[in-house]
Amino acid sequence: MSADILIIDDEADIRDLIAGVLEDEGFETREAANSDECMAEIANRRPSLVILDIWLRGSKLDGIEILQEIKKVAVELPVIMISGHGNIETAVNTIKMGAYDFIEKPFKAERLMQVVERALEASRLRREVQELRQKAGEFVDELICRSNVMVQLEQSIQRVAPTNSRVMITGPSGSGKEVVARMIHTNSLRSDRPFVAMNAATMAPELLEIQLFGVEEGRMNSAKGARRGLLEQAHGGTIFLDEIADMPLETQGKILRVLVEQSFQRVGGSEKVKVDVRVISSSSQDLKEAMENGRLREDLFHRLSVVPLTIPPLRERLEDIAPLARYFIERFAKSAGLPVRKIGEDAIATLQASNWPGNVRQLKNVIEQIMILATGEKNAPITADMIPADAGAAQSVMSGQKDSTEIMTLPLRDARERFEKEYLEAQVNRFGGNISRTASFVGMERSALHRKLKSLGIHNSERVKEPE
């Protein structure tokens, strides 16, 4: 199906000229002479693209006011502004307001078609990405958490998001660094502009710069036109550079120049391409060690890490396992058309007793495995015996669990004391140091639990705290 393009201009011959060029390329066109006709056409059937003149004689609203109205009802609709009286300031202002691009009259047919095709392609890619993520259930606009450390992280995100500051997110693989990056973008002033992600660790070094900077027209496989890189695609929005320490040093130097000059050259090109992007970066590595070993440029690190955010591993925030498990159950049930199962406290306790080297990503996979393979009634609750034996690497936070040989050599009293200490340490960790919740779960009075922890020598643990 060909794209439907709405042309708004007060001069009929200009509308006819633009329509003729577009129709010759196979596009469908509609025309409007003023704001009333424009909004009526959009209400009747939303077009694929709008070409809008700024100066409209005999119209209630001028082109800039129409652009504002369009963005209220269809923020994703691409709009190309045209004018015979334009200047750089006007062009910049309209793009800041949400226009895709600005073309000054008179323009050549080739220039018009180039901008139209790019706008339609960008719109198509955004729709496809959105649909794919919705199908995969990847949209998360908040942190699913209960632990104090993650609540504090969420507060930091809310504070830094409206600024234009660069953010460096560190944390182990699978902990949710891209989720945090997307939250920052969603809550920023750039939220209606593109969010583009690139993982340096999964990309071949020789292809990385092509993906990042694009290719100049006539070079490599771009004989039909310049190929826009991720930086250009992110113009006006946010680019997320994942695993920044895995970038080749030469590419790191070029990234540094982009941060300083806000411009770059395409691969094979000589002209500077200006961009306005917010950069959010991340790494699962020890960046201090990476700098000492010469794998990460120190000057680049300081440019990127204006605001550092750290995501702790899942094993250090066991309180988050229960809400995360319930969230993944609901999400998978919805995507697979299955009933939502409840998860029992015994199953939660089993999940919380593991180390989770793969962090939140691993927990998500385990929950999906349980939902797929669980037998019995489809709406029966999930119990501990349904959890795979290798869930969370099957390594308990009760460190003595695997060392059964040593405990068998101990007298009963010593063995009981050792078990109690490991068991209660694990439960205190599980409930984030909250004594009241720990006491309730293990079936002890709060004061009795305090005395027991003190007698076992764990009363000074930093994890132990009073309830809020």
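## Around M247

In this predicted model, in which local features need pLDDT of at least 70, side-chain atom pairs count only at pLDDT 80 or more, and totals for chains, interfaces and linings use all residues, M247 touches M198, A200, L208, L212, L241, Q252, I255 and R295, leaving aside residues up to four places away in sequence. Contact here means heavy atoms within 4.5 Å. Residues are numbered from 1 along each chain as its sequence is written, and side-chain values use heavy atoms, with hydrogens and water left out.

## Nonpolar cores

M247 is also among the residues with the most contacts inside the largest nonpolar core, a set of 30 residues in which L212, L231, I239, L241, I255 and L300 are likewise listed. Such a core is a set of buried Ala, Val, Leu, Ile, Met, Phe, Trp, Tyr and Cys residues joined through side-chain atoms within 4.5 Å, where buried means under 20% relative accessible area, exposed over 50% and partly exposed in between, with a 1.4 Å probe and protein chains only. At least two residues of this core are supplied by each of β7 (195–199), α8 (205–213), α9 (230–233), β10 (238–242), α10 (249–261), α11 (287–292) and α12 (298–304), and α10 gives the largest share, four residues. Helices (H or I, at least four residues) and strands (E, at least two) are DSSP runs numbered from the N terminus.

A second, separate core has 25 residues, including A325, I367, I382 and I387. In soluble globular proteins, nonpolar side chains tend to be buried together.

## Helices α17 and α19

The axes of α17 (residues 412–430) and α19 (residues 446–455) come within 10 Å and cross at roughly 125°; these axes are lines fitted to C-alpha atoms over the stretch in contact, with angles from 0 to 180 degrees between N-to-C directions. That angle makes α17 oblique to α19, because angles under 35 degrees count as roughly parallel, over 145 as roughly antiparallel, 65 to 115 as roughly perpendicular and the rest as oblique.

E420, L424 and V428 of α17 meet L449, K452 and L453 of α19, and by class this contact has four nonpolar, no polar and two charged residues.

## S35 and the whole protein

S35 is found in helix α2 (residues 35–44) and counts as buried because its relative accessibility is 2%. Leaving aside residues up to four places away in sequence, S35 touches S59, K60, L61 and I66.

The protein has 19 helices and 14 strands, and 45% of its 468 residues count as buried.

Definitions and conventions. Ala, Val, Leu, Ile, Met, Phe, Trp, Tyr, Cys and Pro count as nonpolar, Asp, Glu, Lys and Arg as charged, and the others, Gly among them, as polar.
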